[in-house]
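Trainee: I have a new model open on my screen and would like to learn how to read it. Could you take me through it feature by feature?

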Amino acid sequence: MSYTCLPEIEENLIENTTLPALQSHHTFALDTHCDRMTIIHDAQQLKDVDFSQPFCVLGEGSNTIFTDSYRGVVLVIANKGMRIEELNNDWLLHCEAGENWHELVQHTLSLNMPGLENLALIPGNVGAAPVQNIGAYGVELAQFVDYVEGYNIATGKTQKLSASQCEFGYRDSVFKHRLKGQFIITRVGLRVSKSWQPNLSYGPLQQLHEPTPQQVFEAVVAVRQSKLPDPKELANCGSFFKNPILSVNTVKRLQTLHPNIPCYDVDQRHKKVAAGWLIEQAGLKGHAIGDIAVHDKQALVLVNRGKGTPTQLLAMIEHVQRCVLTKFGVALEHEVRLMGANGEYHVGAAHEGA
Ligand code: EPU
């Protein structure tokens with residue numbers, strides 16, 4: 001009797017005690033869990049979610065690191081599909097949030113609707129792209145956004161925001177501020193012009209002469225592959241820190257000591273400096289704490305070589321921030337979203353240093 005019962009009891013035990021694993025749901029791949037997980041295949045499912053309980057919205061987890069087991073429900077956005085509308089001068093692409101970003105870029109090129117090629121190979125899904133206003137090689141998502149549609153938690157209704165209502169900035173949007181935890185992106189409307197012009201402003205792309213969209217795409221893919229590790233081969237979250245935006249006067253002071261510091265104009269009073277350069281000059285390229293390391297080809301990227309732990313990662317973030325602050329007086333802010341047991345948190349100061 002006891003013998004026949006055993007397998008059943010064991011099965012129940014496993015079902016009751018095994019929490020959903022997050023390791024394969026975030027590209028930094030720390031070994032953490034969550035209390036519950038719901039895969040959203042259809043935006044209508046959001047109406048049935050109990051938002052009075054802690055929740056975390058996740059795409060492909062390429063910009064989120066779970067540093068602890070999350071005490072709430074993880075909502076994985078996985079609704080698929082795209083509808084194309086032809087306008088006079090543009091194509092309007094209505095893309096479901098769960099589509100993979102890079103596949104969308106490839107698909108639009110195959111349909112002869114170029115424009116997104118500079119944003120090739122950025123990991124993540126379409127719904128995550130507006131949150132941090134993804135950008136690369138002289139182009140930002142904001143340039144293409146016609147609208148962002150989502151589920152408004154307070155009203156329980158679908159809401160469409162215009163591009164200006166998204167309040168886009170450098171790796172920033174309203175979804176990181178006023179609408180944080182209030183609005184779940186389910187669809188993005190992107191407008192690509194029928195009269196394509198290449199954007200070759202970024203260094204390595206300037207060598208291209210009258211390229212086709214496909215050639216720009218291939219050049220971007222080649223540059224990214226040469227510097228940025230593929231998360232499938234080496235766990236990472238892309239750029240870990242933001243390029244700090246400093247006052248023009250601070251940058252002038254830095255330039256007198258470090259004439260080669262790469263910097264870019266933001267507006268009349270601010271410039272952005274390359275955090276990867278600051279980290280490399282602080283002597284940290286390739287530096288490792290356990291299995292967490294500063295990538296040896298791009299110092300702005302942290303990697304998990306396999307068995308990295310949350311403790312090692314937090315030690316690394318603090319170490320990088322401390323070394324850069326000591327050497328340059330600049331405080332680095334992490335761009336990656338860190339999720340602890342009770343939600344998002346930040347490490348270090350988010351302000352300009354002395
Ligand atoms: N640099 C170094 N050492 C390094 C890394 C960079 O000296 O280890 C220097 C480079 O030589 C260059 C400058 O810093 O002069 C800028 O480097 P890079 O062009 O590689 O770009 P980035 O500023 O480090 C940003 C984005 C990337 C995006 C690239 C290209 C942020 C936080 N990162 O990186 O985005 O692909 O520009 O446009 O804005 C991401 O967000 O995940 C991401 C990869």
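Mentor: We will go from confidence to the ligand, and then to a helix and some single residues.

Trainee: What should I know about the model before I start?

Mentor: This is a predicted model, so to speak of local features we need a pLDDT of at least 70, side-chain atom pairs count only at pLDDT 80 or more, and totals for chains, interfaces and linings use all residues. Residues are numbered from 1 along each chain as its sequence is written, and side-chain values use heavy atoms, with hydrogens and water left out.

Trainee: What does pLDDT average over the protein chain?

Mentor: pLDDT is the predictor's confidence in each residue, from 0 to 100. Here the protein chain averages 93, and 94% of the residues score at least 70. Residues 1–16 stay under 50, and the model has zero contacts beyond four places in sequence for them. Contact means heavy atoms within 4.5 Å.

Trainee: Which residues are closest to the ligand?

Mentor: A residue is near a molecule or strand if one of its heavy atoms lies within 4 Å of it. The ligand is surrounded by 24 residues, the closest being Y137, Y170, Y202, E280 and A299.

Trainee: Which elements supply at least two residues each of that shell?

Mentor: Helices (H or I, at least four residues) and strands (E, at least two) are DSSP runs, numbered from the N terminus. At least two shell residues come from each of β7, α3 (213–227), β12 (235–239) and α5 (275–281). With three residues, α5 gives the largest share.

Trainee: How many residues does helix α6 have, and which of them are buried?

Mentor: The expected span of a helix is 1.5 Å times one less than its number of residues. Helix α6 (residues 310–328) has 19 residues and reaches 27 Å from its first C-alpha to its last, close to the 27 Å expected. Buried means under 20% relative accessible area, exposed over 50%, partly exposed in between (1.4 Å probe, protein chains only). In α6 the buried residues are L313, M316, I317, H319, V320, Q321, V324 and F328. G329, just after the helix, takes a positive phi of about 70°.

Trainee: Which residues other than glycine have a positive phi?

Mentor: Most residues other than glycine have a negative phi. L121 has a positive phi near 65°, and N133 has one near 45°. L121 is in the loop between α2 and β7, and that loop also holds N133. L121 counts as partly exposed because its relative accessibility is 28%, while N133 counts as buried because its value is 0%.

Trainee: Is N118 buried or exposed?

Mentor: N118 is buried, because its relative accessible area is 1%. The loop between α2 (101–110) and β7 (135–136) is its place. A polar atom of the N118 side chain lies 2.9 Å from the backbone oxygen of N199. Beyond four places in sequence, the contacts of N118 include A136, Y137 and V139.

Trainee: Where is K176 found, and what does its side chain reach?

Mentor: K176 is in the loop between β10 (157–162) and β11 (183–193). At 2.8 Å, its side chain reaches the backbone oxygen of R171. K176 counts as partly exposed because its relative accessibility is 22%.

Trainee: Which side chain does R71 join in a polar contact?

Mentor: The side chains of R71 and D35 are joined by a polar contact of 3.1 Å. R71 lies in strand β4 (residues 70–77).

Methods. A polar contact is a pair of N or O atoms within 3.5 Å; within protein, one must be able to donate a hydrogen and the other to accept it, and residues adjacent in sequence count only if both atoms are side-chain atoms.
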